[in-house]
Amino acid sequence: MSKSRKVAYYGILSALAILMGYVETMIPMPVPIPGVKIGLSNIVVLLALYVMGSKDGFAISVVRVAVSALLFKGFAGFWYSLAGAALSYIVMMPLSKSKKVSIIGTSVAGGVFHNIGQIIVAWFVLGRGVVVLYLIPVLMVSGIVTGIGIGLVSKYCIVYTDRHIIK
Amino acid sequence: MKKLDFVIILVLLALAAVMYTTVLKPGKGGAVAVVYIDGEKEAEFPLDEDIEKTFSTKYGTNTIKIENGEVSMESADCPDQICVNHKPISKENESIICLPHKFVVEIEGGEKSDVDAIAK
């Protein structure tokens, strides 16, 4: 892929990921538990990871976290997002390389570890150990449920993305 | 979906179930609601006494309410209102967290009783 083409794709996908994060804030969640969210922007990160490569997915993920923290969340939210995104990416990257795991399994693992990353930050911010432990099982289950949904959406999107992104 | 996808989902579900059973124990007699603000222990209330108390800090105002052995967030002036919408808590280690105000209410069990835990 030529350099200028790459820059263009980075721009489009980063913008899309940021937009997804914004759209998500407008969808009210049915459960009032901090940390439960759909993870729409993970669709874009998954597509970049599978169609372009692990370095490209990482770059888009970092840009998304930094920009959406600046635009919508403020500095405190930045650490939560960064920890979640980093941990989920570390888990998703090797899984995406495996032939035995489909994009759905990758998405589920990513969703769960995103939530675990956020709990780790909450653990530091709130300065209390046991409090946030209570949230781990709840957020793991929510990560699994949303991960399956996001994985399915990505699976159908990837057919088109693969066709249109010229390598 | 491939076979390993199901394995991943099942393993994570099992982990969540294990965490749930080990972290969340049934409530025992003599449990207290402990309020932490910014990680510092602020106050402690026994669960068997009905009370309503307001905490004002530099982060904002939160009002907790204890009724019928359950703690709930009566009101708060935080932007997201997640803590107010949270269901009332009564079991050990359950908590209501108001992130914008760094405000945490947690149930801490009084005396430990293994018999009760098993019987339940």
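Start by selecting A:Met93, which sits in helix α4 of chain A, residues 75-97. The model is a predicted one. Colour A:Met93 by accessibility: its relative accessible area is 34%, and because values between 20% and 50% fall in the middle class, A:Met93 counts as partly exposed.

Next, show what surrounds A:Met93. Leaving aside residues up to four places away in sequence, A:Met93 touches A:Leu49 and A:Ser54. Then pick A:Gly110, 17 residues from A:Met93 along the chain; the two C-alpha atoms are separated by 9.2 Å.

Now select helix α3 of chain A, residues 54-73, together with α4(A). Their axes come within 9 Å and cross at roughly 165 degrees. Angles over 145 degrees count as roughly antiparallel, so that is how α3(A) and α4(A) are placed relative to each other. The crossing of α3(A) past α4(A) is right-handed.

Display the side chains where the two helices meet. On the α3(A) side, the residues include A:Ser54, A:Phe58, A:Val65 and A:Lys73.

Finally, zoom out to the whole of chain A. Its secondary structure consists of 7 helices and 0 strands. Of its 167 residues, 50% count as buried. Among contacts with a separation of 6 or more, 74% join residues 24 or more positions apart.

Note on methods: Residues numbered from 1 in each chain as written. Chains lettered and ligands numbered in written order. Predicted model: local features only at pLDDT ≥ 70, side-chain atom pairs only at ≥ 80, totals over all residues. Heavy atoms only, no water. Helix = DSSP H or I, 4+ residues; strand = E, 2+ residues; numbered from the N terminus. Buried < 20%, exposed > 50% of the residue type's maximum accessible area, 1.4 Å probe, protein only. Contact = heavy atoms within 4.5 Å. Axes fitted to C-alpha atoms, helices over the stretch in contact; angles between N-to-C directions. Parallel < 35°, antiparallel > 145°, perpendicular 65-115°, else oblique. Left-handed = near helix turned anticlockwise from the far one by under 90°.
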